Amino acid sequence: MTQFRTVKSSQVVLKELMIPSYSNFGGKVHGGVILSLMDKIAYTAAASHSRQYCVTASVDSVNFVNPVEVGELVTLMASVNYVGRSSMEVGIKVYSEDFKHGINKHTNTSYFTMVAIDEHTRKPATVPGLILEEDIEVQRFIWGKFRKRFKGEYREQFKALHHDLDITSETENLRDENCQISL
Ligand SMILES: CC(C)(COP(=O)(O)OP(=O)(O)OC[C@H]1O[C@@H](n2cnc3c(N)ncnc32)[C@H](O)[C@@H]1OP(=O)(O)O)[C@@H](O)C(=O)NCCC(=O)NCCS
């Protein structure tokens, strides 16, 4: 297997026109349509880097900062930012373009963690490392390393909380929350 590959060798751009069947009841493009395109491009970048079958392990929070309208052209740009042993963080930027008014809007940025899977064992498989050729690539790798660490810590803390949480006393703390308990 190739030991290292450049970031550029797996960068992907995907463009898709937002057609009427993608709209929600409010007339804007359904968020799920954008999420599906993001998953598709994340897979393409991860599979191009690893040359293996990959699965989506996790998706960072996705904050839509601008709505996407029917008729706009959506452009997604993806890059492998960070790789571990078998996981790859893919950074995705989404823009939408309003042809009529010549306006480009940033829709959202998110990070997908993809894991390469060995075809025979179906277990996580080792992936090539990244060749970092620009300052920005080094910076993205460092941020990706920290995101991986913090996400791992969050998963562990939440697992521990699941074990330790006292639901009876926490139920008492719901008084100031926006709920009515009618057991
Ligand atoms: C993701 C998956 C392969 C991890 O399997 P696992 O047995 O927990 O594997 P490991 O603990 O050895 O972790 C493998 C890698 O995945 C990463 N990983 C595991 N769970 C993760 C999570 N929830 N978020 C981010 N990364 C994760 C680990 O950090 C590790 O990375 P590294 O090898 O670069 O250090 C497994 O949970 C899986 O198959 N999930 C289903 C994925 C899927 O089907 N997605 C599509 C849903 S429709």
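Student: Which residues surround the ligand?

Tutor: This is a predicted model. In it, the ligand is surrounded by Val55, Thr56, Ala57, Ser58, Gly84, Arg85, Ser86, Ser87, Thr113, Val115, Pro124 and Lys151.

Student: What makes Val55 count as part of that shell?

Tutor: The cut-off is a C-beta atom within 6 Å of the molecule. Val55 is listed among the residues around the ligand, so its C-beta atom, placed from the backbone, meets that limit.

Student: Which strands supply at least two residues of the shell?

Tutor: Strand E3 (53-59) and strand E6 (103-117) each do. The largest share, four residues, comes from E3.

Student: How do the shell residues divide into nonpolar, polar and charged?

Tutor: Four are nonpolar, six are polar and two are charged. Gly counts as polar under the scheme used.

Student: Why is strand E4 called largely enclosed?

Tutor: Count its buried residues. A residue is buried if 20 or more other C-beta atoms lie within 10 Å of its own. Eight of the 11 residues of E4 (residues 73-83) are buried, so the rest of the structure largely encloses this strand.

Student: How do you know that E4 pairs with E2?

Tutor: Pairing requires at least two bridges found by DSSP. E2 and E4 have six, in the antiparallel sense, so they pass the definition. Val13 stands opposite Met77 in E4.

Student: What makes E4 and E5 a pair as well?

Tutor: E4 and strand E5 (residues 87-98) share 10 bridges, again antiparallel. At least two are needed, so these strands pair. The bridge partner of Ser79 is Gly91 in E5. E4 and E5 form a hairpin, with three residues between them.

Student: Why is Glu16 called partly exposed?

Tutor: Glu16 is in strand E2 (residues 12-17). It has 15 C-beta neighbours inside 10 Å. Buried needs 20 or more, and exposed needs 12 or fewer. The count for Glu16 falls in between, so it is partly exposed.

Student: Which residues does Glu16 touch, beyond those up to four places away in sequence?

Tutor: Leu37 and Val74. Contact means C-beta atoms within 7 Å.

Student: Why is Arg122 called exposed, and why is Arg51 called partly exposed?

Tutor: Arg122 has 10 C-beta neighbours inside 10 Å, so it counts as exposed. The limit is 12 or fewer. Arg51 has 14, so it counts as partly exposed.

Student: Where do Arg51 and Arg122 lie?

Tutor: Arg51 is in the loop between helix H1 (31-50) and E3. Arg122 is in the loop between E6 and strand E7 (129-131).

Student: What is the phi of Arg51, and what is that of Arg122?

Tutor: Phi of Arg51 is near 55°, a positive value in a residue other than glycine. Arg122 has a positive phi of about 60° and is not a glycine either.

Student: How many helices and strands are in the protein chain?

Tutor: Three helices and seven strands. From the N terminus on, they run β-β-α-β-β-β-β-β-α-α.

Student: Why is the protein chain called more spread out than a compact globule?

Tutor: Its radius of gyration is 20 Å. The globule rule gives 16 Å for 183 residues. The value is well over that, so the chain is more spread out than a compact globule. The C-alpha trace spans about 55 × 45 × 35 Å along its principal axes. Buried residues make up 24% of the 183.

Student: Which residues does UniProt list for "domain: HotDog ACOT-type"?

Tutor: Residues 8-120, in an unreviewed entry. Over residues 8-120 the chain is 18% helix and 45% strand.

How values were computed:
Residues are numbered from 1 along each chain as its sequence is written. This is a predicted model: local features need pLDDT of at least 70, side-chain atom pairs count only at pLDDT 80 or more; totals for chains, interfaces and linings use all residues. UniProt positions are given in the numbering used here, feature names are shortened, and annotations may be inferred rather than shown by experiment. Two residues are in contact if their C-beta atoms, placed from the backbone, lie within 7 Å. The radius of gyration is taken over C-alpha atoms; the globule rule is 2.2 Å times the number of residues to the power 0.38.
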